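Please look over the chain shown below before reading the notes. They are grouped by topic and can be followed alongside the coordinates.

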Amino acid sequence: MQEEKKEELTFTLKNAKVNIFAWKAHILCFIHQDHARVDAIDILKDGETVFVQNWAMKYLPRKYRESQTNWFGKRGILWHITVAFRKFEGQLELLTFAHIFRSCNQDSSAVVVAVMEDVICQLKIVMTNLTRVFYRQDNAGCNHCGATIVCASRKGSRNGVQVERLDFSDAQGGKGACDRKAATIKAHMHVFLNAGHDIDSADQMYDAMTSDGGVPSLSVTLCESVSIQSSVNCKIEGVSLISNIKYSSEGIRVWRAFNIDPGRLIRPQRVPVSLPQLPSLLVLKGSSFSAIKGRVSSYS
């Protein structure tokens, strides 16, 4: 009996040791990979911006007065958040883009590519001198794939913007800007709900976000889906191991970790691409950026 207990404790101890080292390695990778975001923001100049993109958690439809039976069997509403960092007169400013979808496939890389282009088009209205952008996304399959990596640069070139880098954050890190803005948007929607309205569809969700003047520095777009159904086929060898991408005239230079060794250059002829037509969003309606309201101090 004592021998069995000893073997059990030894096994538990070995597993705990392995898990602790894995946890420490994850923290180290997360901090190191976050340097890509900090570095991009530090070198920002006039006419440049950093985009942090993420699929927000599906919003569960709600009614102002709802029975318990209506709570079950709900289907969440898809929405995507993009936070843009820019420097204006030496100060860091944030602009947020929210895309609400009536229907789409969340795993589709075509949707992500279409959103990337729509964000650039909207931002160019505000920043007419926009020339260079940096992207930061998580490791979701629709982001971390060859189609997104290749199409990101082509979408930028089509709109007169140079895509400098595309960085992928480590697991559970790098999406803080999107999560913080999503919390603010949900609080604004909750006020709309408490005023006696329902948020039971994508259209009502759009109305909730734009109600009462909207959320400061937020642009809301209601979309149907992408304009084409053809798939975007592009395969890059070892794409799951790539964490950072830099675009240049020579091709695509990739790294497994940010700024470690010179990286590996992938020339254009080594990337098999099948792009019958670049996807774009079917936009139903959209709102411009809401004005930023001044804070009112409680002290006289």
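**Briefing on selected residues and elements**

Asn-194 is partly exposed, with a relative accessible area of 48%.

**Asn-194**
- Asn-194 belongs to helix α5, which covers residues 176-194.
- Between the C-alpha atoms of Asn-194 and Arg-65 the distance is 9.5 Å, although 129 residues separate the two in sequence.

**Confidence**
- Over the chain the mean pLDDT is 85, with 90% of residues at 70 or more.
- Of the chain's elements, helix α6 (residues 202-210) has the highest mean pLDDT, 94.
- The lowest mean pLDDT among the elements, 56, belongs to strand β11 (residues 273-274).
- Where pLDDT is low, predicted coordinates should not be read in detail.

**Helix α4**
- Helix α4 has 13 residues, 146-158, and at 1.5 Å a residue it should span 18 Å; the C-alpha atoms at its ends are 19 Å apart, which agrees.
- Because 10 of its 13 residues are buried, α4 is largely enclosed by the rest of the structure.
- The buried residues of α4 are Gly-146, Ala-147, Thr-148, Ile-149, Val-150, Cys-151, Ala-152, Ser-153, Lys-155 and Gly-156.

- Asp-138 sits in the loop between β4 (132-137) and α4.
- Its relative accessible area is 12%, under the 20% limit, so Asp-138 counts as buried.
- The side chain of Asp-138 forms a polar contact of 2.7 Å with the side chain of Asn-143.
- A polar atom of the Asp-138 side chain also lies 3.3 Å from the backbone nitrogen of Ala-140.
- Apart from neighbours within four places in sequence, Asp-138 is in contact with Gln-53, Asn-54, Asn-143, Phe-168, Ser-169 and Lys-175.

**Thr-221**
- Thr-221 is part of strand β6, residues 218-226.
- With a relative accessibility of 4%, Thr-221 counts as buried.
- The side chains of Thr-221 and Gln-122 are joined by a polar contact of 3.0 Å.
- Gln-122 is also among the residues in contact with Thr-221 once neighbours within four places in sequence are set aside; the others are Ala-98, His-99, Ile-100, Asp-118, Val-283, Lys-285 and Gly-286.

Notes: Residues are numbered from 1 along each chain as its sequence is written. This is a predicted model: local features need pLDDT of at least 70, side-chain atom pairs count only at pLDDT 80 or more; totals for chains, interfaces and linings use all residues. Side-chain values use heavy atoms; hydrogens and water are left out. Helices (H or I, at least four residues) and strands (E, at least two) are DSSP runs, numbered from the N terminus. Buried means under 20% relative accessible area, exposed over 50%, partly exposed in between (1.4 Å probe, protein chains only). A polar contact is a pair of N or O atoms within 3.5 Å; within protein, one must be able to donate a hydrogen and the other to accept it, and residues adjacent in sequence count only if both atoms are side-chain atoms. Contact means heavy atoms within 4.5 Å. The expected span of a helix is 1.5 Å times one less than its number of residues. pLDDT is the predictor's confidence in each residue, from 0 to 100.
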